[in-house]
Amino acid sequence: MSRALNDLDPRFRWVAFEFLARLTEAGIAVMIVSTRRTPEEHAENLRRGVSWVTHSLHLDGLAMDVCPYSTWLLHGADKLEWKADDAVWETIADIAEHLGLRSGYRWTQKDCGHVEYVVLPEPREATHV
């Protein structure tokens, strides 16, 4: 599993940098937990029940997961605490959404540190009648 920003799709990469800068301005230091995933890594996440969709935007380099360092340092890399009641997640979601990203924090099945690029539909050609 990659944590490299260079592995992100160029459409998402620039806004990922902006997202991380805005988090820094807000005083929220984060660890990049993952950026792009391979199909095999995604299949393993599905098997373990930590992913719930058949096609994750991580496969396309259009999503990333972050975790505040306070949470990372407290619980460790293999014991991340994703409790949705910590106020930091809402702030992270607000910053992401201000930049036009979708935040997993708002989902029914919360994925607090997940942010993804919003892929807009291709414009349709106008038809004249």
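**Exercise 1. Find out how far strand β2 is enclosed by the rest of the structure.**

Solution. Begin with the count: 6 of the 6 residues of β2 are buried, so this strand is largely enclosed by the rest of the structure. Here buried means under 20% relative accessible area, exposed over 50%, and partly exposed in between, with a 1.4 Å probe and protein chains only. Strands (E, at least two residues) and helices (H or I, at least four) are DSSP runs numbered from the N terminus. Next, take the side chains: Ala 63, Asp 65 and Cys 67 point one way from β2, Met 64, Val 66 and Pro 68 point the other way, and all are buried.

Before going on, a word on the model: it is predicted, so to speak with care, local features need pLDDT of at least 70 and side-chain atom pairs count only at pLDDT 80 or more, while totals for chains, interfaces and linings use all residues. Residues are numbered from 1 along each chain as its sequence is written, and side-chain values use heavy atoms, with hydrogens and water left out.

**Exercise 2. Work out the strand order of the sheet and what packs on it.**

Solution. Start with the whole chain, which has 4 helices and 4 strands. From the N terminus on, these elements run α-β-α-β-α-α-β-β. The 4 strands form an open sheet in the order β1-β2-β4-β3, with antiparallel pairing; two strands pair if DSSP finds at least two bridges between them. At the edges stand β1 (30-34) and β3 (102-103), each with a single partner strand, so one side of each is left without a neighbour in the sheet.

Now go through the pairs. β1 and β2 (residues 63-68) run antiparallel and are joined by 4 bridges.

**Exercise 3. Describe where Cys 112 sits and how it relates to Cys 67.**

Solution. First place Cys 112 in the loop between β3 and β4. Finally, look across to Cys 67, which is 45 residues apart from Cys 112 along the chain; their C-alpha atoms are separated by 8.5 Å.

**Exercise 4. Determine which residues lie nearest the centre of the largest pocket and how its lining divides.**

Solution. The lining has 25 residues, of which Arg 37, Val 50, Trp 52, Asp 65 and Asp 111 lie nearest the centre. On a 1 Å grid over the protein atoms alone, a pocket is an open set of points where a 1.4 Å probe fits, with protein on both sides within 12 Å along at least five of seven lines; lining residues have an atom within 4 Å of a point. β1, α2 (39-48) and β4 are the elements that give two or more residues to this lining. By class, the lining divides into 11 nonpolar, 8 polar and 6 charged residues; Ala, Val, Leu, Ile, Met, Phe, Trp, Tyr, Cys and Pro count as nonpolar, Asp, Glu, Lys and Arg as charged, and the others, Gly among them, as polar.
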